[in-house]
Amino acid sequence: MSERKAQVWVGVDAGKGHHWAAVVDETGATLWSKKIDNDESAILTALGEVLSLADQAHWAVDISGTSSALLLALLAAHGQRAVYVPGRTVNRMSGAYRGEAKTDARDAYVIAETARHRNDFAAIDVPAQLAADLALLTAHRTDLMADRVRMINRLRDVLTGVFPALERAFDYSAHKGALVLLTGYQTPAAIRRRGRARLTAWLANRGVRGADMVAATALEAAQAQQTVLPGEEVASRLVADLAAQTLALDDRVKRIDKQIRETFRSHPHAEIIESLPGMGPILGAEFIVAAGDLSAYTDAGHLASAAGLVPVPRDSGRRTGNLHRPKRYSRRLRRVFYMSAQSSIVREGPNRDFYLKKRSEGCKHVQAVIALARRRAGVLWALLRDGRIFTSAPPVTQAA
C-alpha cells in the first residue's frame, strides 16, 4: 500500500452523465484517476477513495452549474470545499503539458495541476435554499423570455409573407391587443369584412385596451392590401396559433414573475437591494443569484470588478494607461448592473444627473451607463455593508 500523503489536489472534469477525477501529489505525480458516474453512490465511493490517499484534499472543478450540483453538495456535506477553475484557464494550461491529446482524464489532470500551482481561484459555495430557489426561478424565466422572442420573430416572419402592412402596424413584442387581434383575424379580407365597429366590439369583449384604435389601425392596413398572396390560408392559421401561444406564454411569465417577487422579498437584503432606483424584484433576484455570498466582497471595487465594470491595464514598455474591458467576469452580474442603471436614468434623480454629467463630458450612451453602473455597484455595496436603504440625501455622519 502506498504511503499516505499530507495533501493532494483533485481535479474534476465535470459532465452531465459522468465526471472524471484525477489526484496529484505535491510533485505533480498522478496518484489516482478514474471515471465517476454522476450518481450519489458512485461519487461517495470515489470520495472515500480520494480521502484515503491524504490527510487533506484540495478539490477543483471546471463547471459550477447543474452538472456538478450533486458532486458539490456531497463534497460540502463531507466538509470538503472546491474551487472553480474556468474552462478558459484549463484550455490555456493544457498547452503547458506534454502532448496534444484532449481527453477527460487529461483535462482532470490539468485542472488538478492548475489548482496545485495557483491558490487564487474562487471557492464554490453550495447555495442556501433561498438562493437555490431564486436560481431556478430566474433561469426558468430567462428560458421563457427566449422562447417568447423566438415566437414573436417567427410570427412576424410568417405575417410578413402574407400581410406585410399589418406586420408593420404594431410592435407585437409589446402590444397585447395586437396579439389578441391576430388570434381571430390575420388576413386583409377578414378584417375588411368585419368592419371597424364590429372589430372594436370583438376586441373590447376580450379586454383589449384602446380597442377602437387597434381596430382602426388594422382596418387601415387591410385597406392598403387588396391582393391575396400565396399560402395565405395556411399562414393565417400559423399566425393565429403563434399569437395564442405568445399570449399563453405571457401568462406563464406573469406567474413566474409573481413567484420570483414573493421569493426574493423573503431574502434578508431584499428591501435594501430593491430600494436602489432601477433595481426591481426581478433584477434583485438575479443579483442575489449572480453575486452569491455577499460577504465575500471585501470592498466596493471587488464587487464592481466581479461585474466587469473595472477596466484592466494592458501596458507594455512605454505604453501606459492602456485600459481594456476585462475578459473574466460574471456576465450575469454585469447585466444586472447595466440594466438597472439604464432603468434608473428614466426618472429625475441622482442617477439621471450622473448619466447626463457623463454625456456632457463626451461619453457615449453605453459609456455613460457603464460609468453609472460602476458608481451604483459602490453604492449598493455600501448599503449592504451598513444595512440601510437608499435615499437621495447622503447619510449623516456622526461627529467625532
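Mentor: Start with a term: two strands pair if DSSP finds at least two bridges between them. Keep in mind that this is a predicted model.

Trainee: OK. How many bridges join strand β1 to β2?

Mentor: Five bridges join β1, residues 5–13, to β2, and the two strands run antiparallel. They form a hairpin with four residues between them.

Trainee: Which residue in β2 stands opposite Val 12?

Mentor: Ala 21 in β2 stands opposite Val 12.

Trainee: And what about β2 and β3, how many bridges there?

Mentor: Seven bridges join β2 to β3, residues 30–37, and these strands are antiparallel too. Ala 22 has Ser 33 in β3 as its bridge partner.

Trainee: What is in the turn of that hairpin, and which residue there takes a positive phi?

Mentor: The hairpin of β2 and β3 has five residues between the strands, and Gly 28 takes a positive phi near 90°.

Trainee: Is strand β2 largely enclosed or open?

Mentor: Five of the seven residues of β2, residues 18–24, are buried, so the strand is largely enclosed by the rest of the structure.

Trainee: New topic. How many aromatic pairs are there?

Mentor: The structure holds four aromatic pairs. One of them is Tyr 97 with Tyr 109: the ring centres are 5.7 Å apart and the planes are at 80°, which is over 60, so the pair is edge-to-face.

Trainee: Where do those two sit in the chain?

Mentor: Tyr 97 is in the loop between α3 (87–94) and α4 (104–117), and Tyr 109 is in helix α4. They are 12 residues apart, and the pair links distant parts of the chain.

Trainee: What is the geometry of Tyr 185 and Trp 202?

Mentor: Their ring centres are 5.1 Å apart with the planes at 80°, so that pair is edge-to-face. Tyr 185 lies in the loop between α7 (176–184) and α8 (188–194), while Trp 202 is in helix α9, residues 196–204, so the pair ties together parts that are 17 residues apart in sequence.

Trainee: Are those two buried or exposed?

Mentor: Tyr 185 counts as buried at 11% relative accessibility. Trp 202 is buried as well, with a relative accessible area of 12%.

Trainee: Last one. What lies over the face of Tyr 329?

Mentor: Arg 331 does, at 4.0 Å from the ring centre.

Technical notes
Residues numbered from 1 in each chain as written. Predicted model: local features only at pLDDT ≥ 70, side-chain atom pairs only at ≥ 80, totals over all residues. Heavy atoms only, no water. Phe/Tyr/Trp six-rings, centres within 6.5 Å; stacked < 30°, edge-to-face > 60°. Buried < 20%, exposed > 50% of the residue type's maximum accessible area, 1.4 Å probe, protein only. Lys NZ or Arg CZ within 6 Å of the ring centre and 35° of its normal.
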